[in-house]
Amino acid sequence: MDLKRVVITGLGTINPLGHNVPEFWDNLLKGVSGAGPITRFDASKFRTQFACEVKNYEPTEYFDKKEVRKMDLYTQFGIIAAREALKDSGLDLETANKKRIGVIWGAGIGGLQTFFEECDTFSKGDGTPRFNPFFIPKMIANMGGAMIAIENGLKGPNYTTVSACASSAHAIVDALNLIRLGKADAIVAGGSEAAVTVPGVGGFNSMKALSTRNDNPKTASRPFDADRDGFVIGEGGAALILEEYEHAVARGAHIYAEIAGGAGNCDAYHMTAPDPDGAYEVMLLALEDAGIKPEDIDYINVHGTSTGLGDISEPTAILKAFGEHAYKLNISSTKSMTGHLLGAAGAVEAIACTLAVKNDIVPPTINFHTLAPELDPKLNFTFNEPQKREVKVAISNTFGFGGHNACVVIKK
């Protein structure tokens, strides 16, 4: 079948490193950590008292007060990211065929704070069921993508991918395939999450998944380091405008890069732990889909969460998939700076890959001191400093609880 080519024409984000793409990219290259003490609630009794929050966020700078009351924070982050991406793309929504522009959005949880607040209020009451009429629409995971479409009148394909931390990477892969098949001219693809909440932090604490380095949060996310002690939870949103190549060329769009391929599969192994062999097959599937050989890859933005098992299984997978070429790759985990944005992670990291390809520079893995003894010291993890190099092709790996794996291939 003659598949259409798909390119990236717009980027947008709000995350712990910035309220827009230029701020985010600048701080990535500077090696800035987005971690700090939790301000969204009193975390003094929690084992983890820090997170990567979006800094200086005031909802009324983006929405009027009535709108704020109708939307969970994860939806707000999604709309803000989509606004920037659509503006960046130069798509004229006044003249475009909006029936051919869709939104495929990812969220691992959705409106967790809304759910918590409503249940907390009920449990402290007299048993009379008094719930906010916006409770359900604020909480459900599909509302982020729905509200992006409503704000912009986009009537093309629209749904939400929910695959834990792989959610927004799966959204990008699905958007790629819909455009390839001619089902849409352009799609707003990405994801958002806002789980820095009492149940979010409490739940991950109970699993012993989060770092407890409360004395020095900025150094807590340290992928591949011998002293890593868990991930740092983050929040935010990210959007990419995926567009059919000829459609983009015809309107004179600025093209960042091409989405050459993508894939998803499942470990079918454990609820939360990765397969010890690693998700090497999803990388090979993505490369096959893109028609690209393993030796053509220059950079891998790894899942790299700073957890005990995940930080071992992924380099193992890279060595298995790439063989000797693994030693010629740059590998980095931008989660060392952003923290783990859960369902939004794949989209944020796809933006990092896109800009690495465009600018020929690899963002670093910060907070490195001593390599974990299980890891091969010949692998280039781009520790502590960015590295200039030609990046013709990059891949972004994202893995989620349940064994969900996704890989996106981005090339010049």
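Here is a short chat about some features of this predicted model.

Me: Why is Glu235 called buried?
Reply: Buried means under 20% relative accessible area. Glu235 has 1% relative accessibility, so Glu235 counts as buried.

Me: What makes Arg40 and Glu235 a salt bridge?
Reply: The cut-off is a side-chain nitrogen of Lys or Arg within 4 Å of a carboxyl oxygen of Asp or Glu. The closest N and O atoms of Arg40 and Glu235 are 2.7 Å apart, so the pair meets that definition. Arg40 sits in the loop between β2 (36-37) and β3 (50-51), and Glu235 in strand β7 (residues 235-244), so the bridge ties together parts that are 195 residues apart in sequence.

Me: And why is Arg40 called partly exposed?
Reply: Partly exposed runs between the 20% limit for buried and the 50% limit for exposed. Arg40 has 35% relative accessibility, so Arg40 counts as partly exposed.

Me: How do you know that Asp225 and Arg222 meet in a salt bridge?
Reply: Their side chains are 3.9 Å apart, N to O, and the limit is within 4 Å, so the pair qualifies. Asp225 is buried, with a relative accessible area of 0%, and Arg222 is buried too, at 7%. A search of the whole structure finds 15 salt bridges.

Me: Which residues have the most contacts inside the largest nonpolar core?
Reply: They are Ile172, Leu240, Leu242 and Ile410, in a core of 45 residues. Helix α13 (residues 345-359) gives the most to this core, with nine residues. Ile410 touches several residues, including Ala350, Cys353 and Val357.

Notes
Residues are numbered from 1 along each chain as its sequence is written. This is a predicted model: local features need pLDDT of at least 70, side-chain atom pairs count only at pLDDT 80 or more; totals for chains, interfaces and linings use all residues. Side-chain values use heavy atoms; hydrogens and water are left out. A nonpolar core is a set of buried Ala, Val, Leu, Ile, Met, Phe, Trp, Tyr and Cys residues joined through side-chain atoms within 4.5 Å. Buried means under 20% relative accessible area, exposed over 50%, partly exposed in between (1.4 Å probe, protein chains only). Helices (H or I, at least four residues) and strands (E, at least two) are DSSP runs, numbered from the N terminus. Contact means heavy atoms within 4.5 Å. Lists of a residue's contacts leave out its neighbours within four places in sequence.
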